[in-house]
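The exercises below can be worked with the sequence and the model side by side. Try each task before reading its solution.

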Amino acid sequence: MKEYLVLIGFIVSSYLGAQDNNTKIVDSLYKEDQFYAGVTYNLIGNKPNDLSQNGFSLGFHAGFIKDMPINKDRNVAIGIGLGYSANSFNQNLLIVKDDVGNINYSIIDENNVSFSRNKFSQHLVELPIEFRWRTSTPTNYNFWRIYTGFKIGYVFANTTKFKGDLGSFKYNNIDDFNKFQYGLTVSMGYNTWNLYLYYALNPIFSSDAKLNGETIDMNAVKIGLMFYVL
């Protein structure tokens, strides 16, 4: 019996010693924030006269970023990734096809025309590029971060929907949307919660889209929260 107690004591001591050794192992080549997911409230910048937003315009974003530290402490890094983004914009810009298939744009006069839905949506594949600063260490998982960067997106699908006094109609993949969207990004916060801002540097629509004979230069502005995990 005594021999068994000695054996059990040896096994337990060995296990606890191993556990203690494991806690001392530090990954000197650690990386941070490889995956991201976020939600934004989408605004329209550079709005034409009389254009207004209504309802709640949402954006959902997710992807993977390769974190590449560039200093010895590994708290400064470059991030390059690949992601997906879905965005909707509820507003009063009427997009409708005429009898020969041409797209016409006009501002809805809400005093004369009522509607329950008028929006356009976009789905993008995105390439985020970030300069990353954080207060992380190999053993500290709660830290401050400021990530600034540039994001390029390819619009692979778009949809416009209207439902109101003029009827109900829906169009898919209108050519007048700019295929490429690009803009500046910043994400900052502590631990889980991070404020996120995206400001597009080019218009949502191409120069072929005309409102009252002028190009529609409005761009996307997205404000929300971004979450990062390893």
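A residue is called buried when its relative accessible area is under 20%, exposed when the value is over 50%, and partly exposed in between, with a 1.4 Å probe and protein chains only. The model is predicted, so that local features need pLDDT of at least 70 and side-chain atom pairs count only at pLDDT 80 or more, while totals for chains, interfaces and linings use all residues. Residues are numbered from 1 along each chain as its sequence is written, and side-chain values use heavy atoms, with hydrogens and water left out.

**Exercise 1. Describe the secondary structure of the protein chain and the share of its residues that is buried.**

Step 1. Helices (H or I, at least four residues) and strands (E, at least two) are DSSP runs numbered from the N terminus, and the protein chain has 1 helix and 13 strands. Along the sequence the pattern is α-β-β-β-β-β-β-β-β-β-β-β-β-β.

Step 2. Of the 230 residues, 41% count as buried. Taking contact as heavy atoms within 4.5 Å, residues 24 or more positions apart account for 69% of the contacts with a separation of 6 or more.

**Exercise 2. Classify the aromatic pairs Tyr105 with Phe205 and Tyr147 with Tyr228.**

Step 1. Rings of Phe, Tyr and Trp (its six-membered ring) pair if their centres lie within 6.5 Å, and planes under 30 degrees apart count as stacked, over 60 as edge-to-face and the rest as tilted. The whole structure holds 16 such pairs.

Step 2. The ring centres of Tyr105 and Phe205 are 5.6 Å apart and their planes stand at 75°, so this pair is edge-to-face. The pair links distant parts of the chain, since Tyr105 is in strand β5 (residues 103-107) and Phe205 in the loop between β10 and β11 (210-211), 100 residues apart. Both Tyr105 and Phe205 are buried.

Step 3. Tyr147 and Tyr228 also form an edge-to-face pair, with 5.3 Å from centre to centre and 75° between the planes. Tyr147 is buried because its relative accessible area is 1%, and Tyr228 counts as buried because its relative accessibility is 11%.

Step 4. Phe89, Tyr105, Phe120, Phe177 and Phe205 form one aromatic cluster.

**Exercise 3. Are Asn46 and Asp50 buried or exposed, and what is the phi of each?**

Step 1. Asn46 lies in the loop between β1 and β2 (58-69), and Asp50 has its place in the loop between β1 and β2.

Step 2. Phi is near 50° for Asn46, a positive value in a residue other than glycine, and about 75° for Asp50, which is not a glycine either.

Step 3. Asn46 is exposed because its relative accessible area is 51%, and Asp50 counts as exposed because its relative accessibility is 66%.
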